[in-house]
Amino acid sequence: MNADVCLNARWCELEHGLAQAAIELVEACECEEPSGCPACIHYLDCSEYNNVLDKSSALLVLKATVDAE
């Protein structure tokens, strides 16, 4: 994350590690559903019953987050 935006260096390190771990989790998931599954991107409280989720889009956003750091 940009140093101007991140006020705490330790938090930035944790955020980067968390985003990287999420990428690895989603990429390792063997589900073939475009909307993902409970093991990778499903959200229990989703009011749309996870029908609006997209596994490839989740990866795109996660990778963009890591690249922006």
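Trainee: Is the crossing of H1 and H2 left-handed or right-handed?
Mentor: The model is a predicted one. In it, the contact between the two helices involves His16, Ala19, Gln20, Ala22, Ile23, Val26 and Glu27 on H1, and Lys55, Leu59, Leu62, Lys63 and Val66 on H2. The crossing of H1 and H2 is left-handed.

Trainee: Why is H1 described as roughly antiparallel to H2?
Mentor: Two packed helices are described by the angle between their axes and by the distance between those axes. Helix H1, residues 9–28, and helix H2, residues 55–68, have axes 9 Å apart and pack at an angle of about 150 degrees. Because angles over 145 degrees count as roughly antiparallel, H1 is roughly antiparallel to H2.

Trainee: Is leucine 59 buried or exposed?
Mentor: Leucine 59 lies in helix H2. Leaving aside neighbours within four places in sequence, leucine 59 is in contact with Ile23, Val26 and Glu27. Buried means under 20% relative accessible area. Since the relative accessibility of leucine 59 is 16%, this residue counts as buried.

Trainee: What distance separates the C-alpha atoms of leucine 59 and alanine 22?
Mentor: Along the chain the two residues are 37 residues apart. The separation of their C-alpha atoms is 8.6 Å.

Trainee: Which element gives the most residues to the largest nonpolar core?
Mentor: The largest nonpolar core has 10 residues, namely Ala19, Ile23, Val26, Cys29, Cys31, Cys37, Cys40, Ile41, Leu59 and Val66. Two elements, H1 and H2, each give two or more residues to this core. The element that gives the most, with 3 residues, is H1.

Trainee: Which residues does cysteine 40 touch, not counting residues up to four places away in sequence?
Mentor: Cysteine 40 belongs to the largest nonpolar core, which also holds Val26, Cys29 and Cys31. Not counting residues up to four places away in sequence, cysteine 40 touches Leu25, Val26, Cys29, Cys31 and Lys55.

Trainee: Which residues does alanine 39 touch, with residues up to four places away in sequence not counted?
Mentor: Alanine 39 lies in the loop between H1 and H2 and, at 53% relative accessibility, counts as exposed. The C-alpha atoms of alanine 39 and cysteine 29 are separated by 7.0 Å, with the residues 10 apart along the chain. Beyond residues up to four places away in sequence, alanine 39 touches Leu25 and Cys29.

Trainee: Is asparagine 50 buried or exposed?
Mentor: Asparagine 50 lies in the loop between H1 and H2, where tyrosine 49 is also found. Neither residue is a glycine, yet tyrosine 49 has a positive phi of about 55 degrees and asparagine 50 a positive phi of about 65 degrees. Tyrosine 49 is exposed, with a relative accessible area of 69%. Asparagine 50, at 11% relative accessibility, counts as buried.

Trainee: What percentage of the residues of the protein chain count as buried?
Mentor: The protein chain has 2 helices and 0 strands. Of its 69 residues, the share that count as buried is 23%.

Methods:
Residues numbered from 1 in each chain as written. Predicted model: local features only at pLDDT ≥ 70, side-chain atom pairs only at ≥ 80, totals over all residues. Heavy atoms only, no water. Axes fitted to C-alpha atoms, helices over the stretch in contact; angles between N-to-C directions. Helix = DSSP H or I, 4+ residues; strand = E, 2+ residues; numbered from the N terminus. Parallel < 35°, antiparallel > 145°, perpendicular 65-115°, else oblique. Left-handed = near helix turned anticlockwise from the far one by under 90°. Contact = heavy atoms within 4.5 Å. Buried < 20%, exposed > 50% of the residue type's maximum accessible area, 1.4 Å probe, protein only. Core = buried A, V, L, I, M, F, W, Y, C linked by side-chain atoms within 4.5 Å.
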